[in-house]
Amino acid sequence: MSQPTPHRPLSPLSSLIFASRWLQLPLYLGLILAQCVYVFLFAKELWHLVHDAPSMGEQQIMLIVLGLIDVVMISNLLVMVIVGGYEPFVSRLGLEGHPDQPEWLSHVNASVLKVKLAMAIIGISSIHLLKTFIAAGTLNGLPFCPPELVATAASNVGAARCNALTTDGVLWQTIIHIVFILSAIGIAWTDKLMTHNSHKREHGSH
């Protein structure tokens, strides 16, 4: 059995540059803290749903449930960035053979992570767009809210006396969602071309 090749010592400058990757550690710890905030937000919204459900209309309940799904999807995005970004850019986690190792982590790299993040952002945008479409049903029946009531109306659709949306706002949100989709397709297509060219070079070298 061949012995592993010993690593030659790094120069001081190389060691400093290589060690600089640990500067990202506070960023990932900050994202973990943000994850805790989303857990609190989820529990708060869930309690609001359970406690006030008898006095809510179907539309309000649907919007709160979509908000809970939105929180879960953003939380999934955070996990993808924390776990998927730490290993390729900072240090190995040593999860090989661990029964709880995420399936996607075994083949993740910067390119795959980029595509997964783009798909997660599209999913989050879809939830927001669906909430907007549900709320847009009252666009022609209610006046636009003054600035001090916009936040209240956005969280109480179906019970408010004014609307936090405008027709132009709905249109632009739809356009931005389409741009997200086109961007994800472009990222996936570019990744496919780069992978294909890499395989061709490997076969050509053999």
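Analyst: Happy to! Keep in mind that this is a predicted model. Let's begin with helix α6, which covers residues 167–205.

User: Okay, what does helix α6 give the most to?
Analyst: Helix α6 gives the most to a nonpolar patch, supplying six residues. The patch lies on the surface and is formed by I121, L171, W172, I175, I176, V179 and F180. Together they have about 630 Å² of accessible area.

User: Let's pick I175. How much of it is accessible?
Analyst: I175, which sits in helix α6, has a relative accessible area of 34%. That value lies between the 20% and 50% cut-offs, so I175 counts as partly exposed.

User: Switching to the inside: which residues make up the largest nonpolar core?
Analyst: There are five: I74, L77, M80, A120 and I124. Two helices, α3 (58–89) and α4 (110–135), each supply at least two of the core's residues.

User: Which helix has the largest share?
Analyst: That's α3, with three residues.

User: And what is L77 in contact with?
Analyst: If we skip its neighbours within four places in sequence, L77 is in contact with L117, A120, I121 and I124.

User: One more: is D70 buried or exposed?
Analyst: D70 is in helix α3, and its relative accessible area is 7%. Buried means under 20%, so D70 is buried.

User: What does D70 contact, then?
Analyst: Again leaving out neighbours within four places in sequence, D70 is in contact with I124, I127 and H128. You've met I124 already, as one of the residues in the largest nonpolar core.

Notes: Residues are numbered from 1 along each chain as its sequence is written. This is a predicted model: local features need pLDDT of at least 70, side-chain atom pairs count only at pLDDT 80 or more; totals for chains, interfaces and linings use all residues. Side-chain values use heavy atoms; hydrogens and water are left out. A nonpolar core is a set of buried Ala, Val, Leu, Ile, Met, Phe, Trp, Tyr and Cys residues joined through side-chain atoms within 4.5 Å. Buried means under 20% relative accessible area, exposed over 50%, partly exposed in between (1.4 Å probe, protein chains only). Helices (H or I, at least four residues) and strands (E, at least two) are DSSP runs, numbered from the N terminus. Contact means heavy atoms within 4.5 Å. Patches are made of residues with over 30% relative accessible area and no salt bridge: like charges are joined within 9 Å, nonpolar side chains (Val, Leu, Ile, Met, Phe, Trp, Tyr) within 5 Å. Accessible areas come from the Shrake-Rupley method with a 1.4 Å probe; for residues, only the protein chains shown count as cover. A salt bridge is a side-chain nitrogen of Lys or Arg within 4 Å of a carboxyl oxygen of Asp or Glu.
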